[in-house]
Each structure stands twice: as structure tokens, then as C-alpha cells.
Amino acid sequence: MVFETETLNLLAKALEELSSGFAFLPNPEGRVASRTAMGEVMTEVASRLHDNYPYFHPLYAGQMLKPPHPIARAAYALATWINPNNHALDGGRASSAMEREAVAEIAGMFGWKEHLGHLCGGGTMANLEALWVAGQLHPGKTIAASEQAHYTHHRISSVLRLPFAQVPSDNRGRMDATALEKILEAGHVGCVVATVGTTGTGSLDPLPNLLALRERYGFRLHVDAAYGGYYTLAANLDDDARAVYDLIGQADSIVVDPHKHGLQPYGCGCVLFRDPAVGVLYQHESPYTYFTSKDLHLGEISLECSRPGASAVALWATQRLLPLVRGGEFAAMLENSREAALALYGRLCADARWRAPFAPELDIVVWAPRSETARRTSELSQRIFDAAARRNLHLALIRLPVRFFVSDDASDWTGQQAGRQGEHDAVLCLRSVLMKPEHLAWVERIAEILEECVAESASL
Ligand SMILES: Cc1ncc(COP(=O)(O)O)c(C=O)c1O
């Protein structure tokens with residue numbers, strides 16, 4: 001059995017405890033469909049789910065996919081017997097309280113004792129809320145984000161009918177603050193999105209410079225830490241990265257995704273606002289809800305209506321087991337991932353057949369097979385990606401600007417092509433998100449498989 005099953009026993013016990021709290025109710029009759037029919041469907045479901053990459057396994061080292069912690073899975077499942085809706089206290093009392101506690105703990109990672117925040121469907125929804133608030137406070141003004149920011153920022157801006165400015169990045173995938181200043185000088189920027197942990201390369205935008213620019217130009221600073229946010233707890237960041245993390249608390253809003261590094265099932269993002277007063281922007285009347293309590297209903301401070309209370313229950317349980325503190329077990333998991341990334345990067349740098357443009361700032365490694373031309377490198381990357389998958393090692397691919405490689409060896413294709421074809425030419429590279437703590441123990445095996453693949457691909 002490749003999956004752990006112990007949580008099924010924990011779930012059964014917890015379900016008994018949950019049921020005992022409602023023992024005063026008469027037993028509802030006739031709710032369960034035929035067990036045989038359900039069993040048949042479940043077997044069919046299980047076999048349909050075979051058609052997946054093994055996201056839960058350390059040999060899946062491709063995209064940002066990480067299994068939820070067993071306690072999150074169990075707590076989520078347990079909550080579905082109640083199926084609370086965190087829109088209003090009328091729909092989910094306990095789970096709303098748990099959401100507020102869990103979200104306050106996330107805000108606490110950035111030193112925020114006061115905040116306004118809530119869970120939502122994921123990073124896109126969370127960023128939508130943050131940019132919606134920015135647009136309400138600076139109507140019609142531009143949203144600026146780096147060319148390496150998540151693609152949805154541009155789309156969100158168009159949904160909100162706000163102009164969007166793309167800021168060039170430096171050769172390590174970080175926002176170029178000088179280029180941003182040129183855009184700011186032209187005026188009309190209402191909000192700058194700083195990405196702390198870009199999707200492609202895990203790069204960190206330079207918060208010290210961006211905060212200095214905010215002083216001068218007075219925009220809202222939104223930090224998209226959907227991927228990287230939890231890394232503030234890690235003890236093994238380099239100094240520049242630590243400096244960025246230590247400043248996140250000065251942002252106006254922050255997004256962190258518990259369904260990325262927070263060990264949660266999908267459907268769990270989190271948006272935080274430093275100034276709770278932005279809550280007035282959400283004010284609305286609802287003729288259907290908000291009746292059972294005068295306390296704040298989470299629907300009164302979020303754009304969505306219905307939301308799964310089960311997500312809050314799962315998050316609360318996970319944070320209860322693994323508190324969000326430096327030096328704790330949860331922080332150690334992140335530190336392992338970062339160490340895994342550094343170990344893989346070190347191996348790649350020691351092998352002349354590979355080129356890795358820069359050291360990972362978090363746990364995402366990008367690299368490419370060395371060859372005479374960018375075109376040949378792109379072909380080889382695709383071949384190695386396919387060859388690795390045939391050996392059950394699942395990597396990801398990413399198109400990176402050729403100029404990202406200038407610093408490692410300007411005399412070969414990078415230098416020539418950057419000059420001849422323009423600096424925005426892209427080369428297809430390999431990418432690995434080593435976000436599972438188990439990855440550290442698997443780096444050697446991953447490197448062995450890569451060796452086989454590069455040898456096989458070079459001979460084709
Ligand atoms: C930095 C960043 N922001 C936003 C998103 C979008 O998040 P979601 O896919 O949860 O909507 C992602 C997704 O990878 C991301 O990496």
C-alpha cells in the first residue's frame with residue numbers, strides 16, 4: 001500500500017465523538033444509498049484516479065503539488081459530515097471561529113497582531129480580493145507587477161478594469177526596482193504587487209527597494225506570497241531572502257496559500273489586510289443571512305458567498321498539530337525542502353553537462369542541459385523531461401529568458417544569442433519544485449535518474 005491508512009481509524013473515532021455531540025437528535029432514517037452500489041462506484045472512482053501523475057510521491061518533483069497532511073485530510077473529511085458554510089455564522093459557527101483563529105496565526109507569522117483576513121478558494125481569489133481593495137482605494141489607477149509575477153495578476157486587473165503595467169525582472173527573476181521607478185515616475189500606479197516566491201523560479205522581489213519607493217510614490221504594496229509565504233519560518237534562508245521576509249509585515253496586504261506549502265487540500269487560499277478598516281469596503285446587505293449573531297460573519301468581509309467550513313477545520317487542525325513557529329516541526333519541513341533544492345543545485349553545478357542560472361532562493365530549481373545553441377538546449381530539455389517521466393521521475397518545464405543565463409558563462413550561446421536575437425528570447429529549461437520534506441532524502445536518486453537521462457538524450 002503506497003498510501004497511509006492510519007488516519008481512517010482516527011477519522012472513525014473522531015466521527016463517533018462528533019456524533020455524540022448530536023445524540024439528543026432523533027436518528028434520521030433512510031439516508032444511505034445501497035452499499036453495494038456505492039462500493040461499485042467507489043471502485044470505479046479509484047480506478048479512474050489511476051490516471052494521474054503520482055503527486056504524493058517524492059519522485060514527483062515537477063509542479064507545485066504537495067499532498068495534504070493526514071490530519072488535514074481527516075479533519076476535512078470529518079467536517080463534511082456537518083458540511084458547514086463559512087459565509088455566515090448561521091451556516092458554520094464552529095468552523096468560522098476556527099477560521100478566524102487559523103488566519104490570525106498566519107497573520108502572526110508576519111508580526112501582525114491586528115489584521116483583517118479570511119480564507120478563500122486559492123491564490124487567484126485571494127489576489128483578486130487584495131487588488132479589488134487596491135482598486136477601491138485608488139480607483140482607475142494602474143496595478144504594476146513583475147513580468148515573473150503569476151499570470152493571473154494581469155487577468156485580475158482586466159477583470160477589475162484596472163490598467164496593468166508589466167515591470168521587467170532582473171536576471172534572477174526578481175522585479176527590477178529601477179525599471180519600476182521609471183513606471184512610477186510616469187504616475188498613475190495605485191498598487192505594486194511584490195511576489196515573494198515567484199511561481200517559475202521561487203525568486204523574491206526586492207522588498208527593501210520597493211518599500212523605499214512606496215515612501216516616495218505612495219502606492220499600495222501588495223505581497224503575493226501565495227507560494228513563498230510560509231518560508232518566513234525557515235532558519236536556512238540566505239541573508240538577502242531573510243531581509244525580504246523580515247519586511248513583509250510592512251505590506252498593505254498579503255496573500256499566502258495554505259493549499260501550497262500549508263499542507264492543505266486544494267481550495268484554501270488566504271488574504272490578509274494590515275488595516276482592518278478596509279472591511280468597510282465590503283459592506284453589503286444580505287436579506288438571507290447574518291441573522292443568528294451580531295458578531296462578524298466572514299461573508300461580511302469577503303467577496304465570495306458560500307465557502308467550505310471544512311477548509312478552515314482542516315487548516316485549524318493542521319496548525320494545532322504543527323504550530324506556525326520558527327524552530328518547530330512545520331518550519332523544519334520547509335527547511336528540508338530548501339536544503340533539498342540547494343543539494344540538487346550543488347550537484348547540477350558540479351556537472352559540466354548542466355547549466356543552472358542561479359541558486360534557488362527557496363525550493364525551486366531551474367536548469368538546462370548545456371549545448372551550443374539555445375534551440376538545441378530546448379530540444380534536449382524536452383527529451384530529458386520525457387526520459388525522466390519514463391523512469392517515473394516527474395519534472396516540470398519552464399521557458400526562461402535566455403538572458404537569465406548570462407552570468408554563468410557569457411561566452412557560449414547565451415552571450416551570442418542575447419546579442420543577436422534580443423534579450424527576451426526564451427529557452428526551454430527543466431524545473432523542479434522540491435516542496436515535499438521527503439525530497440531531501442530523494443535528491444540522490446533524482447540526480448541518478450537525471451544522469452541516465454542526460455546520457456541517453458545526448459546520444460540521440
Ligand atoms: C505566486 C503565485 N501567486 C498566485 C498563484 C495562483 O494561485 P492559485 O493557483 O491557488 O489560484 C500561484 C500559483 O501557483 C502562485 O505561485
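Buried here means under 20% relative accessible area, exposed over 50%, and partly exposed in between, with a 1.4 Å probe and protein chains only as cover. Please keep in mind that this is a predicted model, in which local features need pLDDT of at least 70 and side-chain atom pairs count only at pLDDT 80 or more, while totals for chains, interfaces and linings use all residues. Residues are numbered from 1 along each chain as its sequence is written, and side-chain values use heavy atoms, with hydrogens and water left out.

1. Strand β1. Helices (H or I, at least four residues) and strands (E, at least two) are DSSP runs, numbered from the N terminus. In β1 (residues 116-120), five of the five residues are buried, so the strand is largely enclosed by the rest of the structure. In a regular strand the side chains alternate between the two faces of the sheet. In β1, one side carries L116, H118 and C120 and the other G117 and L119, and these are all buried, which leaves both faces covered.

2. Its partner, β7. Two strands pair if DSSP finds at least two bridges between them. β1 and β7 (residues 269-273) run antiparallel and are joined by five bridges. L119 stands opposite C270, and L116 has F273 as its bridge partner. Is β7 buried or exposed? Five of the five residues of β7 are buried, so this strand too is largely enclosed by the rest of the structure. Both of its faces are covered, with G269, V271 and F273 buried on one side and C270 and L272 on the other.

3. Strand β6 beside β7. Four bridges join β6 (residues 253-256) to β7, again in antiparallel fashion. Here S253 stands opposite F273, the residue that is also the bridge partner of L116.

4. Distances to the ligand. One oxygen atom of the ligand is 2.8 Å from a polar backbone atom of G123. An oxygen atom of the ligand is 2.5 Å from an N or O atom in the side chain of T124. For D224, a side-chain N or O atom is 2.7 Å from a nitrogen atom of the ligand. Taken alone the ligand exposes 380 Å², and the protein buries 84% of that (accessible areas come from the Shrake-Rupley method with a 1.4 Å probe; for residues, only the protein chains shown count as cover).

5. The four-stranded sheet. This open sheet has the order β8-β9-β11-β10, with antiparallel pairing. Its edge strands, β8 (354-355) and β10 (396-401), each pair on one side only. Six bridges join β10 to β11 (residues 426-433), and L400 has V427 as its bridge partner in β11.

6. R353, worth a look. This residue is found in the loop between α11 (329-349) and β8. At 35% relative accessibility, R353 counts as partly exposed. Its side chain makes polar contacts (N or O atoms within 3.5 Å; within protein, one must be able to donate a hydrogen and the other to accept it, and residues adjacent in sequence count only if both atoms are side-chain atoms) with the side chains of D351 at 2.9 Å and E451 at 3.3 Å. The C-alpha atoms of R353 and A455 are separated by 9.3 Å, although the two are 102 residues apart along the chain.

7. Helix α7. In α7 (residues 177-185), A177, A179, L180, E181 and L184 are buried. These buried residues pack against β2 (142-146), β3 (164-167), β4 (189-195) and α8 (207-217), where contact means heavy atoms within 4.5 Å. D176 caps the N-terminal end of α7, with a side-chain oxygen 2.9 Å from the backbone nitrogen of T178. After α7 comes G187, whose phi is positive, near 90°.
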